[in-house]
Protein chains: 4
Amino acid sequence: MDSPSDARSRILDAAEELFAGGGYDATPTARIAAVAGVPKGLVFHYFPRKIDVLVSLVDERTLVTEEDPEPGDPARALSTLARRLPLTASPSMRRILFREADTHRSVKDRIHGLNSELIRRARFALELALPGGRGDAARLEAAAATFAAVLLYQESIAHLTGHTIDADVVADLIATALFG
Amino acid sequence: MDSPSDARSRILDAAEELFAGGGYDATPTARIAAVAGVPKGLVFHYFPRKIDVLVSLVDERTLVTEEDPEPGDPARALSTLARRLPLTASPSMRRILFREADTHRSVKDRIHGLNSELIRRARFALELALPGGRGDAARLEAAAATFAAVLLYQESIAHLTGHTIDADVVADLIATALFG
Amino acid sequence: MDSPSDARSRILDAAEELFAGGGYDATPTARIAAVAGVPKGLVFHYFPRKIDVLVSLVDERTLVTEEDPEPGDPARALSTLARRLPLTASPSMRRILFREADTHRSVKDRIHGLNSELIRRARFALELALPGGRGDAARLEAAAATFAAVLLYQESIAHLTGHTIDADVVADLIATALFG
Amino acid sequence: MDSPSDARSRILDAAEELFAGGGYDATPTARIAAVAGVPKGLVFHYFPRKIDVLVSLVDERTLVTEEDPEPGDPARALSTLARRLPLTASPSMRRILFREADTHRSVKDRIHGLNSELIRRARFALELALPGGRGDAARLEAAAATFAAVLLYQESIAHLTGHTIDADVVADLIATALFG
DNA sequence: AATGAATGAGGATTCATTCAT
DNA sequence: GATGAATGAATCCTCATTCAT
């Protein structure tokens, strides 16, 4: 009834749900199999080691996309960046990304890539708006890094503190600081 | 030879080191005992359940301090906040705090308290500088939350991305945004 | 592309190599298939149970040949026996024979047959040289068994100890002992 | 009730019996525990890895003893060697030694040591009887190696073929061959 | 005949926790 | 208090074997 890759997908679905919920270490492979509705052995058929489930999840279900923003109003450019995060990933995948950063190199690498791309784009958006590179490089760098941090951790902040940050207002704030 | 509390301290020292390094789940109590140089049984003598080691660590080795800033220049007030984080905790304890936020309620509560206090103080510092509460409440809130986020996650950012953020420059940025 | 029996042969080739190397128990059927370059299912197509691979190997790739020696000089007759072992089997098959003697009856039976034939021929060669069955039967029996043991285990001895035994010298020794 | 090392001994007893019977690979640790009458976990308390059971068995329950034979009649000296094997080991340990030679280096090393000592002593016994080193060195070497092989493999031969070899007769044979 | 996904029993190993001394 | 042997549930993983296609 199932297509061959159907079971594999269901395993990844289950793992995504469970890793996001209880964490990698706290999730037995048997639990993954049960939630996926497949026999225990099939998990190891597709993923020889448990860690391969996590690695495959990150490999296949998060994607850091590189794209340059349009020139224009810096506050709007940052807002757009916030809305179109250069990360194709479900909310659960984003939680997994941060929680399991120390579980396997590939996870940390993906976060690193994401943060770099966020900073790169924020910096680029701000530079486009600056006439002729005027202004303080350190302040621009800090502004880009700050905005990246807000975007990167907004999910985590919300999860840990219940506090949400409005990225649009932060974008406006940063634009104001740099461009008056 | 050792005083009783000496062994207890050494156990907590070892746990702090190991939890920060490999995480709570990945650290066997036997390893804690070995690193602490005490017999395995003694760990359970002082901490009946493994989770008690983590809880005690957070209870005894992180402290969210409440204190109001002096009125004055907002940028300097924020910088001071950055330098005197309302958290008495070693770098490893800070890493444990974030990594194990989902391991036990008490950890998440501590982070929550820390974030609240950070926001409260940042807000207070900015309000003191604002003549009579003038200005946009939403922007002030976002500014406080942003600064708190930068402080809260700077360690994590550095660990995950190798990128450091200069809190002083961010303080200056935020002050500029709000006060021109 | 391959003829059916081609695949079957390659499976046996692979099994021979792997059983000789790591032993029967330590060799997964999947490994046999991989080394043979055939899909896993095909192994079970030809050999319904894993043990059938071993049994077929012994059945088809070892052969205890029965043949009577020429009458003549006993030392030369024994030397000839050493050189023309009544066992048609590659070195790997010989190692498998001894290592897996307890894995399946058919293996032990084959060794038993080989040993019996070795003793029978050694005895026969010595009897031919003895005028009219003179001499001590027990000594003749021990001589035959000793020579058989040397031949049977020379491979094993070399493998385990690095020590080689020159069968010709042993043949001469035994002839000297019996015939002066 | 049990002395601390009592359980450990019972585990080794059980392992000795089971390894001799069915072989190392075919013996689950759970079976060892059951036969020893101890809980599964205790096996791993004393022997972190299954292979450590085998290694400990060989280390502690086989001993290759070095001792020089008395000068005298060579046939009797060899017979004495046969009766006082330079190996302190139960029959089961001897079977384990040969069967598991390829399972772990330490086993093969022990056999190697045993074989060397057997050859050394047989050679020594024969040299003592030879007036002034007269005679062919190659024949003496082959004689010693042959006798060592008979002693080394008599147990294995009996097990595999049901045929027993009388070491005394072989000793006599060899003495006759060398000394007439 | 050929294939590889599917299955699940079994097995090594880990580890928190207990407890007698 | 202090200790390390004892316990067994839980977990990852292996692998022979089946079976639909």
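## Between chains C and D

Let's start with charges: six salt bridges are counted between chain C and chain D, a salt bridge being a side-chain nitrogen of Lys or Arg within 4 Å of a carboxyl oxygen of Asp or Glu. One of the pairs joined by a salt bridge is C:Asp172 with D:Arg139, whose closest N and O atoms are 3.5 Å apart. This is a predicted model, in which local features need pLDDT of at least 70 and side-chain atom pairs count only at pLDDT 80 or more, while totals for chains, interfaces and linings use all residues. Residues are numbered from 1 along each chain as its sequence is written, chains are lettered from A and ligands numbered from 1 in the order in which they are written, and side-chain values use heavy atoms, with hydrogens and water left out.

The contact takes 36 residues from chain C and 36 residues from chain D, where contact means heavy atoms within 4.5 Å. About 3100 Å² is buried between the two chains, and carbon and sulfur atoms give 66% of that. Buried area is the accessible area (1.4 Å probe) that two parts lose on being put together, summed over both. Three residues, C:Tyr153, C:Leu160 and C:Leu173, supply 21% of the area that chain C buries against chain D, more than any other three.

## Chains A and B

Now to another pair. Chain B can be superposed on chain A by a rotation of 180 degrees with 0.1 Å of shift along its axis (RMSD 0.2 Å), fitting by least squares the C-alpha atoms of residues with pLDDT of at least 70 in both. The two copies are therefore related as by a two-fold rotation axis. In chain B, the C-alpha nearest this axis belongs to B:Ala177, 2.0 Å away.

## A look at B:Ser56

Is B:Ser56 buried or exposed? Its relative accessible area is 12%, so B:Ser56 counts as buried (under 20%; exposed is over 50%, partly exposed in between; 1.4 Å probe, protein chains only). B:Ser56 sits in helix α4 (residues 50–61) of chain B.

A polar atom of the B:Ser56 side chain lies 2.7 Å from the backbone oxygen of B:Asp52. Not counting residues up to four places away in sequence, B:Ser56 touches B:Arg8, B:Leu12, B:Phe47 and B:Arg61.

Note on methods:
Helices (H or I, at least four residues) and strands (E, at least two) are DSSP runs, numbered from the N terminus. A polar contact is a pair of N or O atoms within 3.5 Å; within protein, one must be able to donate a hydrogen and the other to accept it, and residues adjacent in sequence count only if both atoms are side-chain atoms.
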